[in-house]
Amino acid sequence: MSEAGTQIGVARARAGAVAPPAQRSARVDEAAIRAALADVPDPELPMLSVVDLGIVHRVEITSTDGAIRVEILPTFVGCPALEMIKASIVTRLAAFGRPVTVVATFEVPWTSDRISTAGHAALLAAGIAPPGASGDGHPGADLIALGPPVPCPHCGSRRTVLENAFGPTQCRTIRYCADCRQPFEAIKQV
Amino acid sequence: MTATASAPTTALAGLLLAVADDEFVIGFSDSEWTGIAPLLEEDVAMSSLAQDELGHAAALYGLLAELTGTDADAIAYDREPGAYRHCRLLDHGRGDWAMTIARRYLYDTADGVRLEAMVGGSWAPLADLAGKLAREERYHRMHAGAWLDRLARDGGEGRERVLAALAELAPDAATVFTPLPDEPALLEAGVLTASSAEMERRWRAGISPTFERLGLPMPPPARDPGRGRLDHGEAFRWLWSEFTMVRRSDPGATW
């Protein structure tokens, strides 16, 4: 599962590396930068770009020197991939030929609701269950284990149970499907 | 980064240091289970919890370093044991599994109340971070709560051990709420939206239904409330020697 994900990520990264030279210095606006960021994979979930993951917050171009500033929202406060993500963004945006700064902010909390529809599909294809709604504002939000069932990414069954609220990375839990009898990973609802 | 108009840097620094040290010390304590937890799933869980807590500590030390113009790693690793300001609840050594669960339950529930009091605070860097931390800590509370329930309802050795652990922790259980020296300034500036006394009241109200349902004795008031973040004993000296070992082996090394 993770191997397939890595291959997708590598394919995406390669696609990014061969971006058309026309993009190099011609038109630089927020949309062009965001389009370029769609080539940058998340290191731990490489089937998702940083855009699909929903961590790209503000994108600004300084009016004085044209420098690019990107604000990102860490998925988890202690995410060890953060420095790698920053470096990947700087590398990708170097094609625009301007100074690039990437900073992390908690001004808006990243929540699992920020993963795009395309991101949900990419996770499913890689055998990882996408997150259900984070349950923000619900009084029972603390009772994660009693939340709505997470469908199995392999067979679609809703007869799945939480095996471990903690998984191989900070953003994943481990579940088990009672129908196809497969363990699977699911994105934590935060 | 600047302090708020009315909260002096020293008051903010004292708050950040206490909260960061709490997260740092419990994170390292959790990591002691990596490889030896009673179940494989718990090995994963405790390692992930440790990673969360050390990440939280790094973010808080980072705010403190920016505020005071110092280095986050130096704050985390270059102090003598007596200069740490974590609460004494975290000073009882790793202990057995029941001790780990009892400590985590008491700490996680208290930390949740404290985060709530910071989320609406007037100093945006801390209020924003606290909002994010609160989302992650829900998982920690669920984990500790599920295990406390399981051990306490076991009726046999599990219950005996959890009762023994709660008895040992009892005098220090409420030390998360040790008033900080500059608490009045933090309250006046709105950095904290509740006093330590009010937070402790909310914490007790929050955990008492669980303690009642499980037939466990509620923690008494802290034995020595004025010194709840001081006088760290032998167990912490040992942990400190472990987590500073690499750093001390080659001071100033770059990685």
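This is a predicted model: local features need pLDDT of at least 70, side-chain atom pairs count only at pLDDT 80 or more; totals for chains, interfaces and linings use all residues.
Colleague: What share of the residues in chain A is buried?

Modeller: Of its 190 residues, 37% are buried; a residue counts as such if 20 or more other C-beta atoms lie within 10 Å of its own. As for contacts in chain A with a separation of 6 or more, 55% are between residues 24 or more positions apart.

Colleague: Turning to chain B, why are H4(B) and H5(B) called roughly antiparallel?

Modeller: Helix H4 (residues 97–119) and helix H5 (residues 124–152) of chain B pack at an angle of about 150°. Angles over 145 degrees count as roughly antiparallel, and the pair is therefore described in that way. Their axes are 8 Å apart, and the crossing is left-handed.

Colleague: What makes up the contact of H4(B) with H5(B), by class?

Modeller: The contact has 15 nonpolar, five polar and six charged residues.

Colleague: How many residues does each chain give to the contact between chain B and chain A?

Modeller: Chain B gives 24 residues and chain A gives 18. On the side of chain B that touches chain A, the elements giving two or more residues are helix H2 (40–68) and H5 of chain B.

Conventions. Residues are numbered from 1 along each chain as its sequence is written. Chains are lettered from A and ligands numbered from 1 in the order in which they are written. Axes are lines fitted to C-alpha atoms, for helices over the stretch in contact, and angles run from 0 to 180 degrees between N-to-C directions. Helices (H or I, at least four residues) and strands (E, at least two) are DSSP runs, numbered from the N terminus. Angles under 35 degrees count as roughly parallel, over 145 as roughly antiparallel, 65 to 115 as roughly perpendicular and the rest as oblique. A crossing is left-handed if the near helix is turned anticlockwise from the far one by less than a right angle, and right-handed if clockwise. Ala, Val, Leu, Ile, Met, Phe, Trp, Tyr, Cys and Pro count as nonpolar, Asp, Glu, Lys and Arg as charged, and the others, Gly among them, as polar. Two residues are in contact if their C-beta atoms, placed from the backbone, lie within 7 Å. A residue is buried if 20 or more other C-beta atoms lie within 10 Å of its own, exposed if 12 or fewer, and partly exposed in between; C-beta atoms are placed from the backbone.
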